[in-house]
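Please keep the sequence and the 3D view open while reading, and find each residue as it is named.

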Amino acid sequence: MAKKVTKIGVMTSGGDSPGMNACIRAVVRTGIYHKLEVFGITRGYSGLIDNDIHKMESRSVANIIQRGGTILKTARCKEFLTPEGRKKAYNNLKKLGIDGLVIIGGDGSFKGAQVFSNEFNIPCIGIPGTIDKDIAGTDFTIGFDTAVNTAIEAIDKIRDTADAHDRLFIVEVMGRDSGYIALHSGIGTGAEHILIPERKTDIEAIITSLQEKEKRKKLVNIVIVAEGDDYGGGTDLANLIKERIPNFDIRVAILGHIQRGGSPTSIDRLIASRMGYSAVECLIEGKTNLMVGIMNNKMHFTPLDKAVKAKQKISDEWLKIVKILAT
Ligand code: F6P
């Protein structure tokens, strides 16, 4: 029989994502509802090691559901990769009597949670918070929907000016290893081409298609490229196209970190609230080493190691849709 949790810690770790605050709020208030003491850990695993841990009350999370970023701040922590770092972190938790952790972050954060939980027998529940949507076992990750909507708003504006000047725009969106933001924002804005890390970029096919468009005087084109595409980023692509099709008037827009900020969409607020609530329920039920996700609109629980190893698969049908719709 699992030991009953009485004090839990919550942290955000890795790259921030819009909706993390809504999730912190849900964890804190669900914990307090169940008469648990809840502690906020500042700057993820770094705060755990540095003992930057503070008791939270219901009012600590007032007026944050609509805010981007994370009130707990976040970090990527190298020291937690070492056994010494993890031991320091454990000692701090032990001093405070914290006996369960909720980690809101991406796959790197989950790897840390898994090792830590196995070493010190601390129940850990992960919640997928990343704009990249690169974690298996959930249809959504917190922040993805907001990031896609931010990208769509920007690309719509870019299309206005592209149209006014008859220009080809290369728009680089985030996604070091993941093409989901590129794919969703590209389909949503009617992009002519979408380049993603999960598929080898056939640069000759893109050049041929653009040459064909140039012949029929279709000069306004939007090409979306994920930053981690195998061919390179937006600038590399623009240079090559300029060389091969000099008649195109080309501009590059790199959307960058605006995709990580801003007020979360309704979807992100909702999934963050549901996942935060469910993570606390998991700890109370004695579960550990799980990631809380949502699949087919139902809560779905995946062992942390599986969530980390398996990536989401890009649908070939979606890529076919891009080709058919952008002529
Ligand atoms: O993992 C989220 C993400 O936004 C990636 O899409 C991007 O490559 C990376 O973080 C950027 O990280 P940083 O903020 O450290 O530059």
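Two strands are said to pair if DSSP finds at least two bridges between them. By that rule strand β6 (residues 168–173) and β9 pair, running in the parallel sense over five bridges. The model is predicted, and the points below are grouped by topic.

**The open sheet with β6 and β9**

- The strands β7, β8, β6 and β9 follow one another in that order in an open sheet of four strands, and their pairing is parallel.
- Because β7 (193–195) and β9 (250–254) stand at the edges and each has a single partner strand, one side of each is left without a neighbour in the sheet.
- From one strand to the next, the twist of this sheet averages 15°.

- Strand β2 (residues 37–41) is mostly covered, since four of its five residues are buried, where buried means under 20% relative accessible area.
- Strand β1 (residues 7–12) pairs with β2 in the parallel sense, and five bridges are found between these strands.
- Between β1 and β2 the chain passes through helix α1 (residues 20–33), and the β-α-β crossover made in this way is right-handed.
- Within this pairing, Met11 is the residue that stands opposite Ile41 in β2.
- Strand β3 (residues 53–56) also pairs with β2, but in the antiparallel sense and over four bridges, and here Gly40 has His54 in β3 as its bridge partner.

- Strand β5 (residues 124–128) is mostly covered, with five of its five residues buried.
- Strand β4 (residues 100–105) runs parallel to β5 and is joined to β5 by five bridges, with Ile127 in β5 as the bridge partner of Ile104.
- The chain goes from β4 to β5 by way of helix α4 (residues 107–120), in a β-α-β crossover that is right-handed.
- Strand β10 (residues 290–295) likewise runs parallel to β5, joined by two bridges, and Ile125 stands opposite Leu290 in β10.

**The ligand and its surroundings**

- Around the ligand are the residues Arg76, Ile131, Asp132, Met174, Gly175, Arg176, Glu227, His257 and Arg260.
- In the side chain of Asp132, an N or O atom is 2.7 Å from an oxygen atom of the ligand, and in the side chain of Arg260 an N or O atom is 2.9 Å from an oxygen atom of the ligand.
- Gly175 takes part through its backbone, where an N or O atom lies 3.3 Å from an oxygen atom of the ligand.
- On its own the ligand has 400 Å² of accessible area, and the protein covers 77% of this.

**A buried arginine**

- Arg86 is found in helix α3 (residues 83–96).
- Is Arg86 buried or exposed? At 8% relative accessibility, Arg86 counts as buried, because the cut-off for that word is under 20%.
- The side chain of Arg86 also makes a polar contact, at 2.8 Å, with the side chain of Glu119.

Key:
Residues are numbered from 1 along each chain as its sequence is written. This is a predicted model: local features need pLDDT of at least 70, side-chain atom pairs count only at pLDDT 80 or more; totals for chains, interfaces and linings use all residues. Side-chain values use heavy atoms; hydrogens and water are left out. Buried means under 20% relative accessible area, exposed over 50%, partly exposed in between (1.4 Å probe, protein chains only). A crossover is right-handed if, with the strands pointing away from the viewer, the path from the first strand over the helix to the second runs clockwise. A residue is near a molecule or strand if one of its heavy atoms lies within 4 Å of it. A polar contact is a pair of N or O atoms within 3.5 Å; within protein, one must be able to donate a hydrogen and the other to accept it, and residues adjacent in sequence count only if both atoms are side-chain atoms. Accessible areas come from the Shrake-Rupley method with a 1.4 Å probe; for residues, only the protein chains shown count as cover. Axes are lines fitted to C-alpha atoms, for helices over the stretch in contact, and angles run from 0 to 180 degrees between N-to-C directions.
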